[in-house]
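Work through the exercises below with the model open. Each task is followed by a stepwise solution.

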Amino acid sequence: MTTHDAELAEQDAAQQSDHAAVPDVIVIGAGLAGLVSAISLLQRGRSVTVLERRSVPGGLCGSTHINGYKFTLACNDFGSSMRRYLSEIGVSLTFNEHASVWHVGDEKYVLPPTPETQETLARHKADSDRLAEAVSQPGFDEKFESAAQLLEATVRDPGYADFRTLPSYVSGLDPAKHRLDWFLQGSSKNPDYGYDNLITPIEGPEQITEALVERLSQLGGSIHYDTDVHGIRDTDGGKAVTTSRGEFHTRTVVSGKGRFSSNEPRSGLELATLHIATRPEAPFPSGVHTVGNLPAGLGRSMAALDAGRLPDRFGFHIFPCAATEAYRSFNVYFYYPRGVEELDEPTSTAVRNYITGELDRIIPGFASAIVFQRLVSPTQFKNEHGLRRVSIQDILPAGTGKPAIRDAATGVYHVGNTVGSPAYHACAAVLSGLQAAELVAPEAGRARTA
Ligand SMILES: Cc1cc2nc3c(=O)[nH]c(=O)nc-3n(C[C@H](O)[C@H](O)[C@H](O)COP(=O)(O)OP(=O)(O)OC[C@H]3O[C@@H](n4cnc5c(N)ncnc54)[C@H](O)[C@@H]3O)c2cc1C
């Protein structure tokens, strides 16, 4: 029997005793949203079992090893509200605060703005004022349908228009199809997620997952790994959750699988990664996490990707994953053309050459320090990790909001980026977990005393 088999056997034994106990709540998915929701429910005195189809927790928040080098799995820096949300559930972590640098055509923007960036922004004041004036007018959202329309009508400098297209780039959307309210949310302070003040756990995002799992077990919660949930049905006074490893009974279900607006949601563009390891002395700006490189004509480039074509020049961003005495590792994210499963070998080589060439232009000396590279397509990532590298899972039609956390038809509560709180990032997912716990706790408690 392997260690993994022994763990599964132990889990089966635990599952039997859980069956006897019947937890107040079953949470599907040990991603950030599911874990936070589970912990908040445990804090409120509810018994909770988490079912996770992968063999590790954290969902998109974690790390992986390739060729002996450590790389971040997906999410990597967070709004400063993450501190506040974690402290609400008794989790305290030390974070680094840092800047981001965006190279846009010939200009460079440091965020939060340095004095040099303030000067650059001052040069674009007329455009910025026209944009602010347009969105302050009553009915502006009926006049413009998309981010691209708004920018075309107000911003005259093409380079500055590229910079203001950043929210579309980070969302993986063609600005001509980017809903105006979602686009403006990109810089909104409501709710106060703090994405204008980015933080990262000191040793990497997996520290958040590790701290959550520790807190969950401290409060008496359990996670069953390798347990793929297939369905949920009503039973007398509760729910039965059918999984690859048998049926679990509970009173209430919280699902982190995603609640979609239709059976076939259209998502934002999927991210591919170029994993890079370098010698330890590789240059990288200090105090900076993300360095982005956006081409002139970013909107056209995103439109080409959305139409399934790889443009000659495309945006990408790089951030550090690990630094040891032996190496440094970095992820470079860029969008794959929609619908393309794999680029052919010559195109992959051209993509790698384009990225490393541009990296060497914006961080001189970087390319010559590279000792390892691996390009991972969204399809490869899905096959290796059972997760999708997409920020927006479900592009909702204009004028519609995300569905409610509680599905009135099924009585199932949902968490993650497809419900509740606005925007599509880890802080929104975590907030949905906290909101779901607040809604679920009284119901699960009522059922227990009934
Ligand atoms: C490439 C990429 C980079 C990102 N970068 C950032 C960033 O830097 N900052 C930021 O704030 N946000 C970022 N995000 C967004 C962030 O990762 C997500 O908002 C957040 O991780 C969502 O957490 P979640 O728990 O809702 O979903 P997930 O992390 O997807 O977790 C869902 C969990 O449910 C499990 N599950 C699914 N179906 C089943 C089933 N049937 N049975 C059992 N278990 C199941 C999955 O295995 C998974 O563990 C990024 C996203 C991507 C794709």
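**Exercise 1.** How far from an oxygen atom of the ligand does a backbone N or O atom of alanine 33 lie?

Solution. The model is predicted: local features need pLDDT of at least 70, side-chain atom pairs count only at pLDDT 80 or more, and totals for chains, interfaces and linings use all residues. Residues are numbered from 1 along each chain as its sequence is written, and side-chain values use heavy atoms, without hydrogens and water.
- Step 1: the separation for alanine 33 is 3.0 Å.
- Step 2: an N or O atom in the side chain of tyrosine 195 lies 2.5 Å from a ligand oxygen.
- Step 3: for a side-chain N or O atom of asparagine 417, the distance to a ligand oxygen is 2.5 Å.
- Step 4: the ligand taken alone exposes 1,000 Å² (Shrake-Rupley method, 1.4 Å probe), and the protein buries 92% of that.

**Exercise 2.** Describe the shell around the ligand.

Solution. 
- Step 1: the ligand is surrounded by 33 residues (a heavy atom within 4 Å); Glu52, Leu60 and Asp77 are among the closest.
- Step 2: helices H2 (32–43) and H15 (426–449), which are DSSP runs of H or I with at least four residues, each supply at least two residues of this shell.

Notes. A polar contact is a pair of N or O atoms within 3.5 Å; within protein, one must be able to donate a hydrogen and the other to accept it, and residues adjacent in sequence count only if both atoms are side-chain atoms.
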